Amino acid sequence: MHKFLRAAGFGALLTETDVYEFLRDKVIRPENLHTVIENAEGSKEAEYLLSVGKDIGIAADTITYPDGTGQIRYYYPFFCARDYSSEENCGLERHTEQETFAGLIDEYKLGISLIFYIQFSLEYKKYLRLNPPSDFKGTSLTAFANEGVVLLPVTKAGEADESFAMRKNEEERLLEAAMQGDQDAIETLTASDMHLYNEAADRIKTEDLYSVVEQSLMPSGIECDQYSIIGEIMSVEEAVNNVTGEELWQLSLVCNGVSLKLCMRKEDLLGEPLCGRRVKARIWLLGNLDLRRPV
């Protein structure tokens, strides 16, 4: 059973049997057909999407063989965003265990490669049959979380100053140069990191950890598309799973300069989410690419 179905408001589906009955009865229906591909050997792949609320739903991928038999290959909750989170080039890598894709962005704001699960994989597979492999610009990032905590905001003295903006731009320029192998940029960033580490070590002696660490986005566990985050809340929306009736939060967050939308059940978030406050959670990161913008 997919561990993040609960975050999309499917907490009532308690077992794998419940999930497959729901998929067969509610999702895999002609009116929910989104994408279909016919293979050379005569089999047919299809992806079905059932919307259950604002920008959320459940997807199921099936395969039907020439003899009429078939099976559900995989399923997952989906969550779509309407705005771009990144304009950096995004590449596609196929997962080993199934015919789905991971997206990869070298995000200079973070200094790491951001890896996420590509939603609606069959759509991209169909695209790649007709077009040569390429990177894309324009990535929308979303996430699910099964639990989280609201943190109070911290004072950000000086972030409105012109000098602060100049420092941030210079850091991003140095990161980009370092990723290209510029030795001077690498040495400058190393010295800056050591200074930041020493400053944080001094502050942690007298301050709470979450006043020192304002925001973070770090890989969590062995699954490359899951992250531990502390993100600032930019907007708050309420939603409902129309099938189960479970109430949801949909939060727009900024984590170290990266924007994303987070969806989770209201009862799984401890505290009241308000703009300016922060959320600490472990997330499953998803994304959509703009197929109209190949690089």
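**Salt bridges, strand pairing and a buried serine**

In this predicted model, Lys 54 is partly exposed, with a relative accessible area of 36%. Lys 54 forms a salt bridge with Glu 237, and the closest N and O atoms of the two residues are 2.2 Å apart. This pair links distant parts of the chain, since Lys 54 belongs to the loop between strand 2 (44–53) and strand 3 (56–64), whereas Glu 237 lies in strand 10, 183 residues apart from Lys 54. Glu 237 also counts as partly exposed, at 25% relative accessibility.

The protein as a whole has 295 residues, of which 45% count as buried, and its secondary structure comes to 5 helices and 14 strands. Among the contacts between residues at least 6 apart in sequence, 63% join residues that are at least 24 apart.

Strand 10 (residues 226–240), which contains Glu 237, is paired with several other strands. With strand 9 (residues 216–219), strand 10 runs antiparallel and is joined by 4 bridges, in which Leu 217 has Ile 229 of strand 10 as its bridge partner. The hairpin formed by strand 9 and strand 10 has 6 residues between the strands, and within this hairpin Gly 221 takes a positive phi near 80°. Strand 10 is also joined, again antiparallel, to strand 11 (residues 247–255) by 8 bridges, with Ala 239 standing opposite Leu 248 of strand 11. In the hairpin of strand 10 and strand 11, there are likewise 6 residues between the strands, and Gly 245 takes a positive phi near 80°. A further 7 bridges connect strand 10 to the antiparallel strand 14 (residues 278–289), where Lys 280 is the bridge partner of Ile 230.

A search of the whole structure finds 17 salt bridges. One of them forms between Glu 223 and Lys 3, whose closest N and O atoms are 2.9 Å apart. Because Glu 223 lies in the loop between strand 9 and strand 10 and Lys 3 in the segment before helix 1 (16–27), this pair ties together parts that are 220 residues apart in sequence. Both residues are partly exposed, Glu 223 with a relative accessible area of 35% and Lys 3 with one of 45%.

Another salt bridge is formed by Arg 73 and Asp 61, with the closest N and O atoms 2.7 Å apart. Arg 73 is located in strand 4 (residues 70–79) and Asp 61 in strand 3, 12 residues apart. Arg 73 is partly exposed, with a relative accessible area of 24%, whereas Asp 61 counts as buried at 0% relative accessibility. Elsewhere, salt bridges that share partners join Arg 6, Glu 246, Arg 265, Glu 267 and Asp 268 into one network.

Among the cysteines, Cys 90 is buried, at 0% relative accessibility, while Cys 224 is partly exposed, with a relative accessible area of 44%.

Ser 121 has its place in helix 2 (residues 121–130). With a relative accessible area of 2%, Ser 121 is buried, because this value falls under the 20% cut-off. The side chain of Ser 121 reaches the backbone nitrogen of Phe 101 at 3.4 Å. When neighbours within four places in sequence are left aside, Ser 121 is in contact with Glu 47, Tyr 74, Tyr 76, Glu 99, Thr 100 and Phe 101.

Notes. Residues are numbered from 1 along each chain as its sequence is written. This is a predicted model: local features need pLDDT of at least 70, side-chain atom pairs count only at pLDDT 80 or more; totals for chains, interfaces and linings use all residues. Side-chain values use heavy atoms; hydrogens and water are left out. Helices (H or I, at least four residues) and strands (E, at least two) are DSSP runs, numbered from the N terminus. Buried means under 20% relative accessible area, exposed over 50%, partly exposed in between (1.4 Å probe, protein chains only). Contact means heavy atoms within 4.5 Å. A polar contact is a pair of N or O atoms within 3.5 Å; within protein, one must be able to donate a hydrogen and the other to accept it, and residues adjacent in sequence count only if both atoms are side-chain atoms. Two strands pair if DSSP finds at least two bridges between them. A salt bridge is a side-chain nitrogen of Lys or Arg within 4 Å of a carboxyl oxygen of Asp or Glu.
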